[in-house]
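Let's walk through a few helices together, one step at a time. Please have the viewer open as you read.

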Amino acid sequence: MLHILHGADLHLDAPFAGLSAEQARQRRAELRELPRRLAELARERGADLVLLSGDLFDGSDPYAETAQALARALGQTGCPVFIAPGNHDPYGPRSPYALLSWPENVRIFRTAAMEAVPMPKLGCTVWGAAFTGVSREDSPLAGFAAPRDGDVHIGVLHADVEGKGRYAPLPESHIAASGLTYLALGHIHACSGLQKAGETAWAYPGCPEGRGFDELGEKGCLWVTVDDTTVEAEFLPLAGRRYRLVEADVSQAVSPEDALLSALPADAGDDILRVVLTGESGVEGLDLAPLKALAETKCWSAQVLDRTAVRRDLWSRAEEDTLTGLFLRQMRLRLEAAADGDERERLELAVRFGLAALEHREEPMA
């Protein structure tokens, strides 16, 4: 039985352009701790292999301290480590993969063609390939098939399953024909869960830390167990901070501040939030600076966006000599004749939807 820790897309030294300069600096420092935490996981769980499927660096010229921290941490995993460079950190003569002195347990794939590394003590062979430039338009598994020699064959690649672009498009049919037992992939920043193509299991672990509001929620790596032809995968959360979206409806709240505080998650202390204010408020154009400051008493960083509409009287146009006025007068008569509160509530909702249609608005007033 093989125990594999599979990670990808660390994007060390990412700029975090959406944060303040000080927060971005702190986030880059926190990302630099990811390799150490991965090494700790590998030791604690007793990993036989660590597979890192590319884009470990956000660019091909990371800070020297970052590359050294990665190499130092990977030397402490207690097991062999395999790296398949990706489109952000392709292998080349001036890449950190070529210039840095790496620990003996770390193997970096250096060519676009699939390379084999036999691991006789583990009864497996690890296959991998590298991006050697910032793009690759061919499938890394085109024409590839692992030999049927009794070994468990494991692959590690940075590639885009069923993609059509410049990042190693990989048809599922190529995965199915590969003869691999498990294919450890990188490039997609959301965890895919365990997938199957023919007899080959494959997965993306996603990135271990989100870098923006397009990478929401829990992020981490995969703990993969391979037992002959059986493959199982467990998602291990690793993110120190999560990006999260929150909606705060101000319509029924005493104030926008109350709406915001009610909407904030209780466990958001270390997280980065985007709070979207919706519904109807009594003013046009809310002052967002104090609302942002208030949100940041409950989380690490926050954006606050105003998507509210100005509250107005539902019946303000009832006396107009227009179709809208006629509609409102007729509905008011029906409301006055309503038999009970439930019917009144339904009629008021119908008025709101009717006004939205007549005024060509996307949503009814709250």
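This is a predicted model: local features need pLDDT of at least 70, side-chain atom pairs count only at pLDDT 80 or more; totals for chains, interfaces and linings use all residues.

Past the helix you meet His360, whose phi is positive, near 55 degrees.

Now look at which parts of α9 are hidden. Leu347, Val351, Gly354, Leu355 and Ala356 are buried, and what covers the buried residues of α9 includes α8 (323–336).

How do these two helices sit against each other? Their axes are 10 Å apart and meet at an angle of about 175 degrees. An angle over 145 degrees counts as roughly antiparallel, so α8 is roughly antiparallel to α9. On the α8 side, the contact residues include Leu323, Phe327, Met331 and Leu335; α9 contributes Leu347, Val351, Gly354 and Leu358, among others. By class, the residues of this contact divide into 10 nonpolar, two polar and four charged.

For another pair, turn to α2 (residues 34–45) and α3 (residues 64–74), which pack at an angle of about 5 degrees with their axes 8 Å apart. These two helices are therefore roughly parallel to each other. Pro35, Arg36 and Ala39 of α2 touch Ala69, Leu70 and Ala73 of α3, giving a contact with five nonpolar, no polar and one charged residues.

How values were computed
Residues are numbered from 1 along each chain as its sequence is written. Side-chain values use heavy atoms; hydrogens and water are left out. Axes are lines fitted to C-alpha atoms, for helices over the stretch in contact, and angles run from 0 to 180 degrees between N-to-C directions. Helices (H or I, at least four residues) and strands (E, at least two) are DSSP runs, numbered from the N terminus. Angles under 35 degrees count as roughly parallel, over 145 as roughly antiparallel, 65 to 115 as roughly perpendicular and the rest as oblique. Contact means heavy atoms within 4.5 Å. Ala, Val, Leu, Ile, Met, Phe, Trp, Tyr, Cys and Pro count as nonpolar, Asp, Glu, Lys and Arg as charged, and the others, Gly among them, as polar. Buried means under 20% relative accessible area, exposed over 50%, partly exposed in between (1.4 Å probe, protein chains only).
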